[in-house]
Amino acid sequence: MLENVFRSVRDASRKLPLLSEAETNRILISLADKAVEMIPAIIRENEKDLARMPETDPKYDRLKLTEDRIRDIAKDLLNVSLLSSPLGIKLENKTLENGLQLEKVTVPLGVVGIIYESRPNVTFDVFALCLKSGNACILKGGSDAEFSNTIIVDLIKNVLRENNLNPEVIALLPSDRSASQELLHAVGYVDIIIPRGSQNLINYVRDNSKVPVIETGAGIVH
């Protein structure tokens, strides 16, 4: 049962909107630096995943991490840190006839569940975008990338601790299918599910989730 994991992430998510934009960007910059520093360790774990997959498999290249690819990931993290914050933007402001003033302001979703397949770079991407938008994330990666995803999430958690932020704002679920089912049924803990991958994966998530789903289409990433 993963309810304790879901509860921990939900509770930790409530502190994220209190982060300043400067604090958020500092964490992303620290993560980019740490990713480069940890290149040898990440590649060693990635090789364990690659050893279980034949090189002829179309997913092999998607799974593979190299020094150049990790350096590109670090650059992407820095690019996210340069984006304007999407939070606290006033979309609408009006005063009713009775004098009541109403504002529509952008806020975080809360806890975002991501189900994805064999690309371990997605682990970095999802965390960066969720952090930038004030959201915690629960990740369910494929079993193909289990070793790679584990070391990446451990790295992220270490960076969060170093920056005095609760590391429970990110969680990596076990790679078995039952974890997907629990995530899809985590009503009250997870606010939105986003499937990232093939049409089959998207269909499965849409047809089985009790949590609202953002369906972006096969191969499209938001």
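Contact here means heavy atoms within 4.5 Å. The model is predicted. In it, α6 lies across β3, β4, β5 and β6 and runs at about 160° to β4.

**Sheet**
- Four strands, in the order β5-β4-β3-β6, make up an open sheet with parallel pairing.
- The edges are held by β5 (170-172) and β6 (192-196); each has a single partner strand, so one side of each is left without a neighbour in the sheet.
- On average, and with direction ignored, neighbouring strands of this sheet are turned by 20° against each other.
- Five bridges join β3 (residues 111-116) to β4 (residues 136-140) in the parallel sense, and V112 has C137 as its bridge partner in β4.
- Helix α8 (residues 177-184) also packs on the sheet, where it touches β3, β4 and β6, and its direction makes about 145° with that of β4.

**Helix α3**
- The twelve residues of α3 (residues 39-50) should span 16 Å at 1.5 Å a residue, and this agrees with the 16 Å between its end C-alpha atoms.
- Buried residues of α3 are I39, A41, I42, I43, E45, N46, D49 and L50.
- These buried residues pack against α2 (21-37), α4 (60-63), α5 (67-82), α6 (121-132) and α7 (146-162).

**Cysteines**
- Zero disulfides are found in a search of the whole structure.
- The closest cysteine sulfur to that of C130 belongs to C137 and is 4.5 Å away, which is too far for a bond; a disulfide requires sulfur atoms within 2.5 Å.
- C130 counts as buried because its relative accessibility is 7%, and C137 is buried with a relative accessible area of 0%.

Technical notes:
Residues numbered from 1 in each chain as written. Predicted model: local features only at pLDDT ≥ 70, side-chain atom pairs only at ≥ 80, totals over all residues. Heavy atoms only, no water. Helix = DSSP H or I, 4+ residues; strand = E, 2+ residues; numbered from the N terminus. Expected span 1.5 Å × (residues − 1). Buried < 20%, exposed > 50% of the residue type's maximum accessible area, 1.4 Å probe, protein only. Pairing = 2+ DSSP bridges. Axes fitted to C-alpha atoms, helices over the stretch in contact; angles between N-to-C directions.
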